[in-house]
Amino acid sequence: MEVDLRAARAFMTGHARVLDRRRFELLMGGAGAEAALGALDGYRNADGGYGWGLEPDLRAPESQPGAALHAFEVFGDAGAVTWPHAVALCDWLDSVTLPDGGLPFALPVADPTGTAPFWAGADPSVSSLQITAIVALTAHQAAAHDPAVAAHPWLARATDYCMDAIEAIGDTPHALELAFAIRLLDTVHASRPRAAVLLGTLSRHIPANGLVHVQGGLEDEMMRPLDFAPAPDGPARMLFAPEVVAADLERLAHGQQDDGGWSVDFASYSPAAALEWRGYTTVHALSILRRNSVI
């Protein structure tokens, strides 16, 4: 497996938003965390949440749970460099969490221009395991370096909701809900004894090849082994045979396009989002490949 990092850097320079360029430089060891954290601030609102297209297919300025997950990714990238805005984000999430402990898939959007229908049309009165799980797992990753996030009551509350919702999951969970639930269990397994049992329960939904079609997505839009288990040392990786993981790592490495970047297999809802997803996905792909010692 070969990855052309020089071409990836050129792609990021010519195509990516500043935030993802800063994340790329941080990943490659070429810049400090403060630069990426500073770029993230451009998407922050006075209420402590994030909007303004931080989630590329949700262009509205209002703070949203979907943007929070991307903010926590950057806080996680920062490692030991903590940022007071991370715990402030927990405060904002606590303020919009529903009584059962879950987050709504999205909050009301005043202007849906450039926003995907599934964001704009979400019911803000109903908790979503899908969004709560992905926000909680990225928060736990940030919490590994930030004691204030780790101790915040919102994170425990959201995780409790997810554990209960996973236990009650139906026979045909959506592929994204399934992937995010498995990744959350993988992230919290050391501190949550229920995680191992729940992971075993969810494993029945994963075929041997690790491919689960995304309902409502494009024909070839799939959740793949590395979407369920990106970390090489977590229990979720045991859901897949070594050769299945190796093949998916090879697929990911070979996914680099001629222009140096990676592309996505899902639809975008604005010209800006189509481009921004590619920069984001390039950083994401390189991060997984590095985590798995491919680069």
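Author: A salt bridge, as the word is used here, is a side-chain nitrogen of Lys or Arg within 4 Å of a carboxyl oxygen of Asp or Glu. The model is a predicted one. By this rule, 13 salt bridges are counted in it.

One of them joins the side chains of Glu276 and Arg17, with 3.9 Å from N to O. Glu276 has a relative accessibility of 15%, and because buried means under 20%, Glu276 counts as buried. Arg17 is buried as well, since its relative accessible area is 10%.

The pair does not stand alone. Glu276 and Arg17 are part of a network of salt bridges that also takes in Asp20, Arg23, Arg59 and Asp77.

Another place to look is Arg194. A salt bridge joins Arg194 to Asp164, and the closest N and O atoms are 3.2 Å apart. Arg194 is in helix 11 (residues 194-202) and Asp164 in helix 9 (residues 153-167), which makes this a link between distant parts of the chain, 30 residues apart. Arg194 also forms a salt bridge with Glu167, where the closest N and O atoms are 2.8 Å apart. Glu167 lies in helix 9 and Arg194 in helix 11, so this pair ties together parts that are 27 residues apart in sequence. As for accessibility, Arg194 has a relative accessible area of 33% and is partly exposed. Asp164 is partly exposed too, at 45%, whereas Glu167, at 54%, is exposed.

Helix 9 has another partner, helix 7. Two packed helices are described by the angle between their axes and the distance between the axes. The axes of helix 7 (residues 129-143) and helix 9 come within 9 Å and cross at roughly 135°. At that angle helix 7 is oblique to helix 9, and their crossing is left-handed. From helix 7 the contact is made by Leu129, Thr132, Ala133, Val135, Ala136, Ala139, His140 and Ala143. From helix 9 it is made by Trp154, Leu155, Ala158, Thr159, Tyr161, Cys162, Ala165 and Ile166. Sorted by class, the contact of helix 7 with helix 9 holds 13 nonpolar residues, three polar ones and no charged ones.

Thr115 is found in the loop between helix 5 (84-96) and helix 6 (117-120), and with a relative accessible area of 8% it is buried. Leaving out residues up to four places away in sequence, Thr115 touches Arg59 along with Asp57, Leu58, Ala60, Ala120 and Tyr269. Arg59 is one of the residues linked in the salt-bridge network.

Leu226 is the last stop. Leu226 is placed in helix 12 (residues 225-228) and counts as buried at 4% relative accessibility. Not counting residues up to four places away in sequence, Leu226 touches Arg237, Asp248, Leu249, Leu252 and Ile288. Leu198 is 28 residues from Leu226 in sequence, and the two C-alpha atoms are 19 Å apart in space.

Key:
Residues are numbered from 1 along each chain as its sequence is written. This is a predicted model: local features need pLDDT of at least 70, side-chain atom pairs count only at pLDDT 80 or more; totals for chains, interfaces and linings use all residues. Side-chain values use heavy atoms; hydrogens and water are left out. Buried means under 20% relative accessible area, exposed over 50%, partly exposed in between (1.4 Å probe, protein chains only). Helices (H or I, at least four residues) and strands (E, at least two) are DSSP runs, numbered from the N terminus. Axes are lines fitted to C-alpha atoms, for helices over the stretch in contact, and angles run from 0 to 180 degrees between N-to-C directions. Angles under 35 degrees count as roughly parallel, over 145 as roughly antiparallel, 65 to 115 as roughly perpendicular and the rest as oblique. A crossing is left-handed if the near helix is turned anticlockwise from the far one by less than a right angle, and right-handed if clockwise. Contact means heavy atoms within 4.5 Å. Ala, Val, Leu, Ile, Met, Phe, Trp, Tyr, Cys and Pro count as nonpolar, Asp, Glu, Lys and Arg as charged, and the others, Gly among them, as polar.
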